[in-house]
Amino acid sequence: MQNRKVKLAILVASINDNASEHASILVMPEPSFYRALSIAGEQLGMDVYVVTAEDFQQHTESLVGYRLENEHFSKQTVPFPDIIYDRCFFTEANQRINCRRMLSSLAQVKPYQLLNGKLPGKLDVYEALKEDHMLSRHLPLTLPMQTTQQLLELADRFRGGIILKPSSGMHGRGIILVKRCPFEQSLLIKGRNRRNHPFSVSFKEDLAFERWIHRFISGTSYLIQPYLELSGNDNKPFDLRVLIQKDEKSRWSISGAAVRTGQAGSLTSNLHGGGVAVPASKLLSAKFGESKSERLLEMIHTISKQTSERLESKFGRFAELGLDYGIDQSGRIWLLEANSKPGRSSFGIISDHEAERLSIERPLLYARMLSRRLSPSFVANEFANGRRHHSSSDNQLRPFNVQEVHR
């Protein structure tokens with residue numbers, strides 16, 4: 001009997017389809033990624049298309065989507081999906097509401113599975129990982145920001161200063177360093193504003209700083225961490241992004257990892273903030289020597305696998321995760337952040353074609369495995385919210401393959 005064609009819908013927050021009499025200008029997020037998924041999906045015998053929350057018409061029980069045809073995305077009626085790959089990056093509050101409503105309504109008509117789970121806020125992730133003895137050694141102290149007095153006390157406690165980051169931020173927006181400068185008798189503030197533009201300001205009086213920080217934060221939930229010296233002798237900050245994914249047998253495997261370096265004197269290394277991507281082994285070997293670089297990458301592989309399994313045990317099933325690491329000048333590894341909607345553009349930047357291929361194929365192979373392995377009768381209750389855990393106790397560590405990652 002012929003295998004049923006698996007239908008995978010890529011869900012995005014919005015698509016700008018400016019159709020006119022003469023032409024149609026289609027603007028969607030991550031177009032090259034979705035194009036690659038569509039092409040690879042066709043080769044694997046899968047039907048892949050892109051949808052938004054507005055594309056589900058509940059009154060007619062129909063779904064409109066964008067399917068790649070003749071190298072262009074064409075808007076057309078598409079079948080209800082077996083698997084939904086959530087790639088929503090919300091820019092407006094109503095987009096999140098519409099997405100939740102659409103997923104709930106669609107589940108009533110046709111049960112589906114979410115490919116990837118969703119992580120809670122950064123503080124909840126930190127608390128979950130901190131309970132693991134091995135992982136706790138690699139986590140910087142993380143506290144919720146409560147008062148400006150707390151900020152000042154911590155700035156005095158940590159000579160290098162403290163980092164404030166939004167609890168749910170991304171791309172380095174809104175991250176600032178607060179550092180006490182005793183010789184100048186001032187507080188130095190540097191970082192990036194909400195538009196991701198770098199800035200620096202100093203205050204001679206704590207009261208003036210308190211008034212400024214209230215305006216800057218403006219009701220947003222923030223976290224506090226000690227500032228870690230994660231730059232080398234060139235004064236360029238860097239971090240290492242690992243992409244770890246499930247394969248077709250539901251085993252965690254690293255698809256790639258890349259180092260992102262920021263501009264000299266910058267606080268962040270995000271590509272959106274002007275950073276560049278380089279192969280991890282090349283940069284780490286230059287900073288720490290080839291032998292130590294290999295040991296660092298092997299340890300990062302072990303931490304990544306354990307982190308993924310720990311997060312699954314606490315928050316449900318995942319298909320992929322992006323993990324950010326910092327390495328200080330002594331060679332100590334710090335796990336800075338976990339992301340359940342990882343990008344992969346750095347693969348192309350550093351010309352790592354094998355990692356690029358794996359980053360595209362693995363979500364598709366895992367989606368196909370899920371669709372065939374799980375009975376549809378369990379879908380609506382256990383998978384509509386992406387919260388079923390698959391044991392991966394049989395996973396074996398493989399040698400670290402330095403291929404490399406991310407946006």
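Trainee: Is asparagine 70 buried or exposed?

Mentor: The model is a predicted one. Asparagine 70 is in the loop that lies between strand E6 (62-69) and strand E7 (72-78). Its relative accessibility is 73%. Because the cut-off for that class is over 50%, asparagine 70 counts as exposed.

Trainee: What is the phi of asparagine 70 near?

Mentor: Most residues other than glycine have a negative phi. Asparagine 70 is a residue other than glycine with a positive value, and its phi is near 55°.

Trainee: Where does serine 218 lie, and what is its phi?

Mentor: Serine 218 lies in the loop between helix H6 (206-217) and E15. Serine 218 is exposed, its relative accessible area being 54%. Although serine 218 is not a glycine, its phi is positive, at about 50°.

Trainee: Which strands stand at the edges of the open sheet of five strands?

Mentor: The order in this open sheet is E18-E17-E16-E19-E20, and the pairing is antiparallel. From one strand to the next, the twist averages 30°. An edge strand here pairs on one side only, and the two are strand E18 (276-279) and E20.

Trainee: Which residue is the bridge partner of lysine 246 in E17?

Mentor: E16 and E17 pair in the antiparallel sense, over nine bridges. In E17, the partner of lysine 246 is tryptophan 252.

Trainee: What angle does the direction of H7 make with that of E18, and at what angle does H8 run to E19?

Mentor: H7 packs on the sheet and touches E16, E17, E18 and E19; its direction makes about 80° with that of E18. H8 lies across E16, E17, E19 and E20. Relative to E19, H8 runs at about 135°.

Trainee: Which element gives the largest share of the largest nonpolar core?

Mentor: The largest nonpolar core has 34 residues, and those with the most contacts inside it are Leu119, Leu240, Leu284, Leu311, Leu321, Tyr325 and Ile327. Elements that give two or more residues to this core include strand E16 (238-246), helix H7 (280-288), helix H8 (290-315) and strand E19 (320-327). The largest share, six residues, comes from H8.

Trainee: With which residues is leucine 321 in contact, leaving aside its neighbours within four places in sequence?

Mentor: Leucine 321 is one of the residues with the most contacts inside the largest nonpolar core. With those neighbours set aside, the residues in contact with leucine 321 are Leu119, Val242, Leu243, Ile244, Trp252, Ser308, Leu311, Asn339, Ser340 and Pro342.

Trainee: How is the aromatic pair of phenylalanine 33 and tyrosine 34 classed?

Mentor: Both residues are buried: phenylalanine 33 has a relative accessible area of 7%, and tyrosine 34 has one of 0%. The ring centres are 5.8 Å apart, with 40° between the planes. Because planes under 30 degrees apart count as stacked and those over 60 as edge-to-face, this pair is tilted.

Trainee: How is the pair of phenylalanine 203 and phenylalanine 209 classed?

Mentor: Phenylalanine 203 counts as buried at 12% relative accessibility, and phenylalanine 209 counts as buried at 0%. Ring pairs link both into a cluster with Phe199, Trp212 and Phe216. The pair itself has 6.1 Å centre to centre and 65° between the planes, and is edge-to-face.

Trainee: Over which ring does the charged end of lysine 341 sit?

Mentor: The charged end of lysine 341 lies 5.9 Å from the centre of the ring in question. That ring belongs to phenylalanine 89.

Technical notes: Residues numbered from 1 in each chain as written. Predicted model: local features only at pLDDT ≥ 70, side-chain atom pairs only at ≥ 80, totals over all residues. Heavy atoms only, no water. Core = buried A, V, L, I, M, F, W, Y, C linked by side-chain atoms within 4.5 Å. Buried < 20%, exposed > 50% of the residue type's maximum accessible area, 1.4 Å probe, protein only. Helix = DSSP H or I, 4+ residues; strand = E, 2+ residues; numbered from the N terminus. Contact = heavy atoms within 4.5 Å. Pairing = 2+ DSSP bridges. Axes fitted to C-alpha atoms, helices over the stretch in contact; angles between N-to-C directions. Phe/Tyr/Trp six-rings, centres within 6.5 Å; stacked < 30°, edge-to-face > 60°. Lys NZ or Arg CZ within 6 Å of the ring centre and 35° of its normal.
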